[in-house]
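Visitor: I have a protein open on my screen and would like someone to walk me through it. Could we look at it together?

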Amino acid sequence: MTLSDVASLAQVQRPVVSMWRRRSSAGPLPFPVPAETVNGVELFDADEVTAWLQATGRGNNPEARNDVAVHAKPTASGSLKDGRKTFDGLTALLALKVITGHALGNRSASGLLDEADEADPDDLFLYSELEALGSALPGLASFADRLVDSAYSAPAAFEKLLTHRFKEGLREHADTALTAAALSLVSAAAIELAATLESRPVFVDATPGGSDVMLSISQQFSESESVTFLAADHDGGASRLARRRLAVHGTDSGPVKVDGKGAFAVTGSAIHVAQYPAPGEPGLNTKGILSGIENIVLQMDDFQRAVVMAPARVLTDALAGEADNIRADLLRSGRVRAIIRLTPGLLRAKPREPQALWVLGPSFANVPIADRWTMVADLSTSPLTVDVIQDLISDIVASMGNRATIRAHSFRFARLVQTRILLAGVAPWSPGLAKRSPAAVPDAEAALRVDELVRALATGAGSDTRLVGVQPAPAYSSPAPASVRELMGSGHLKYVKGIRVEEQHTNTTAGSRILGREELLDPDNAPPRFITLLEFAANYPTGRLTEPGDVVFCTSPRPLAMVDEEGGGVVVFPARILRIDQGDPGGLLPAVVVRDINGLNPADKSWRSWQLRRAVEAQRQPLTDALQSLQHEQARARERLKQLEELATLITDGVAGGSLTLTDPITHAVPEEGTA
């Protein structure tokens with residue numbers, strides 16, 4: 001055992017064990033001395049440690065003697081010096097123990113191999129692992145028995161061994177391990193999709209070594225429910241481990257034959273689950289991942305479903321070359337029913353890499369290709385809480401239906417996008433596609449509502465002058481939204497840093513306006529701040545003044561932005577500037593950029609990934625003019641509101657104070673005493 005293992009066994013923090021060791025060194029019961037040192041790490045005899053804990057009463061685990069095997073390792077001697085061989089041997093012994101149903105420690109090496117040959121005659125998952133142990137097999141079998149007793153069951157012991165994947169050199173398993181939230185999402189989605197099929201659930205994972213998702217599915221079914229799992233028949237260490245894992249957990253499982261190119265076939269109703277890259281191919285590239293999904297799609301019919309998790313860079317981000325062609329063909333197949341971009345942090349080894357989900361289903365071959373649709377959703381800033389998972393799965397299940405079924409469902413996270421729009425290169429998570437504003441309405445309804453509002457405002461103002469005129473535009477006539485990063489790369493947008501200004505250089509009366517977080521949070525009531533040009537030039541030579549039309553923004557405490565219409569301001573950190581190239585704006589308008597930023601999720605701080613909408617060139621100036629006109633009307637309305645409030649205050653105070661008398665507004669006559 002290492003000192004960390006001791007702390008885990010005693011249920012205390014790691015520094016506590018070092019304190020015990022130091023303080024007991026001169027006492028009657030000193031902490032056990034290291035049994036050996038391997039690669040600079042001290043290892044202690046597990047029995048000596050448990051005896052010391054029991055004798056001293058240290059720790060918070062009164063069952064330490066019974067639990068010790070879960071936290072310890074077998075003595076490394078002979079073939080057991082190979083940690084991977086020991087791990088494979090232990091997991092194989094646990095599988096054999098479940099299959100035979102009896103203890104293994106009282107059997108000879110030859111007896112154990114005979115039982116392994118009977119349990120695994122084709123050497124699909126455990127015989128070779130036990131044979132490789134040689135003379136160390138009986139000793140390790142005894143340890144396996146003790147491990148099961150310590151963990152209370154063989155499945156629990158197996159899972160405990162797998163939790164060591166991050167420190168035992170099992171890189172292929174550590175690099176591909178998903179978080180509990182990710183496994184919960186994939187497994188729950190697969191189970192709900194299985195419930196929509198009429199036959200007995202059959203779950204298939206054709207990836208090499210994939211078992212985490214299947215186990216998560218298995219744990220959600222009761223013992224009385226019948227469910228079948230099919231795992232790939234790849235002959236690799238990761239795949240053999242997956243088959244051992246399914247055997248230990250007592251699942252009804254079988255192999256699915258996968259050829260050298262990854263092709264396979266499953267007949268009848270089935271739910272495919274897959275995570276890429278899989279443990280058997282942790283270094284799989286983008287083309288390889290898409291080819292794996294293609295193999296799933298090629299053998300699917302309308303009685304099969306699939307839930308696939310992979311990096312977002314493969315499933316949702318822009319691609320080029322052959323990989324882009326493969327993904328486009330998959331979208332054209334009509335089987336990609338849903339695309340969901342997920343939050344980073346779902347892959348343990350790469351917490352900053354966002355993942356994405358594809359859900360595959362019926363292709364609706366009777367629907368013309370030009371009219372096919374795909375459900376898209378952006379959860380890149382939404383943690384996978386229980387309610388989020390439940391509502392997302394509801395959206396996913398609805399996406400399997402026809403157009404009438406979909407129209408009857410109220411989507412929380414998703415919206416439908418014509419597949420041809422995705423093929424045209426529009427990012428599925430763009431604000432215009434993946435994020436639907438609660439106020440969003442169909443184009444025709446929007447045009448009618450605009451006309452209704454314009455008429456009402458004209459009537460209220462006593463004028464027939466129309467503020468704006470609109471009509472429905474051709475579908476998706478605007479350029480596709482683009483990220484800030486893409487727009488900066490193409491030169492349409494420029495980023496200017498904010499500067500830090502010392503308080504002693506500012507004043508409240510004159511100079512260049514200071515724009516910072518305070519002004520963004522409360523632009524109407526923030527105390528005025530200025531800096532003279534002399535102070536600015538003398539103390540901040542690298543600083544730059546704003547230009548008219550600059551978008552000033554910040555990310556904390558939430559995404560906020562405003563347009564500096566006048567220019568000549570000083571932007572102070574943490575505020576920054578996004579400057580649109582007036583010569584080549586790429587469809588960007590400051591007012592639209594501000595609206596997109598202010599409408600972002602409060603947790604979305606990745607400003608380079610923000611998606612900004614764009615307008616067609618012919619509409620840029622009309623939109624600018626219309627917004628200026630509306631802003632003018634808003635200013636007039638605010639001024640009128642202030643005047644009305646002042647009027648109400650004056651007449652209230654005047655009449656109540658006796659200094660004013662109200663008269664008839666037309667005749668100016670004073671009401672007589674006693675009249676109503």
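Guide: What follows is a conversation about this protein, which is shown here as a predicted model.

Visitor: Let's begin with the overall picture: how many helices and strands are there in the protein?
Guide: The protein holds 25 helices and 20 strands, and of its 676 residues 45% count as buried. If you take the contacts in the protein with a separation of 6 or more, 70% of them are between residues 24 or more positions apart.

Visitor: What order do the strands take in the open sheet of nine?
Guide: The order is β5-β4-β3-β6-β7-β9-β8-β10-β11, and the pairing is mixed. Neighbouring strands of this sheet are turned by 20° against each other on average, with direction ignored.

Visitor: And which strands stand at the edges?
Guide: Those are β5, residues 252-256, and β11, residues 414-418; each has a single partner strand, so one side of each is left without a neighbour in the sheet.

Visitor: Staying with β5, is its pairing with β4 parallel or antiparallel?
Guide: Strand β4, residues 228-232, pairs with β5 in the parallel sense over five bridges, and one of the residue pairs to look for is Ala231 with its bridge partner Pro255 in β5. Helix α13, which covers residues 237-248, belongs with these two strands in a β-α-β unit that is right-handed.

Visitor: What about β7 and β9, how do they run?
Guide: Strand β7, residues 304-311, and strand β9, residues 355-360, run antiparallel and are joined by six bridges. Within β7 and β9, Val307 and Val359 stand opposite each other. As a general point, strands of a sheet pair through backbone hydrogen bonds, either parallel or antiparallel.

Visitor: Which strands does helix α11 lie across?
Guide: Helix α11, residues 180-195, lies across β3 (202-205), β6 (270-275), β7 and β9, and runs at about 165° to β7.

Visitor: How does α11 pack with α12?
Guide: The two helices pack at an angle of about 65° with their axes 9 Å apart, α12 being residues 212-219, and α11 passes α12 in a right-handed crossing. On the α11 side the contact is made by Leu183, Val186, Ser187, Ala190 and Ile191, and on the α12 side by Asp212, Val213, Ser216 and Ile217. Sorted by class, this contact has six nonpolar, two polar and one charged residues.

Visitor: Changing topic, where is Val572 found?
Guide: Val572 is in the loop between β18, residues 570-571, and β19, residues 576-580.

Visitor: Why does Val572 count as buried?
Guide: Its relative accessible area is 8%, and Val572 counts as buried because the cut-off is under 20%. Leaving aside neighbours within four places in sequence, Val572 is in contact with Gly498, Ile499, Val501, Ile514, Leu515, Gly516 and Arg529. Val501 is 71 residues from Val572 along the chain, yet their C-alpha atoms are separated by 6.5 Å.

Visitor: One more valine: is Val367 buried or exposed?
Guide: Val367 is buried, with a relative accessible area of 16%, and it lies in the loop between β9 and β10, the latter being residues 373-378.

Visitor: And which residues does Val367 touch?
Guide: Not counting residues up to four places away in sequence, Val367 touches Arg372 and Trp373. Val367 is also 35 residues from Asn402 in sequence, with a C-alpha to C-alpha distance of 9.8 Å.

Terms used
Residues numbered from 1 in each chain as written. Predicted model: local features only at pLDDT ≥ 70, side-chain atom pairs only at ≥ 80, totals over all residues. Heavy atoms only, no water. Pairing = 2+ DSSP bridges. Helix = DSSP H or I, 4+ residues; strand = E, 2+ residues; numbered from the N terminus. Axes fitted to C-alpha atoms, helices over the stretch in contact; angles between N-to-C directions. Contact = heavy atoms within 4.5 Å. Right-handed = clockwise from strand over helix to strand, strands pointing away. Left-handed = near helix turned anticlockwise from the far one by under 90°. Nonpolar A, V, L, I, M, F, W, Y, C, P; charged D, E, K, R; others polar. Buried < 20%, exposed > 50% of the residue type's maximum accessible area, 1.4 Å probe, protein only.
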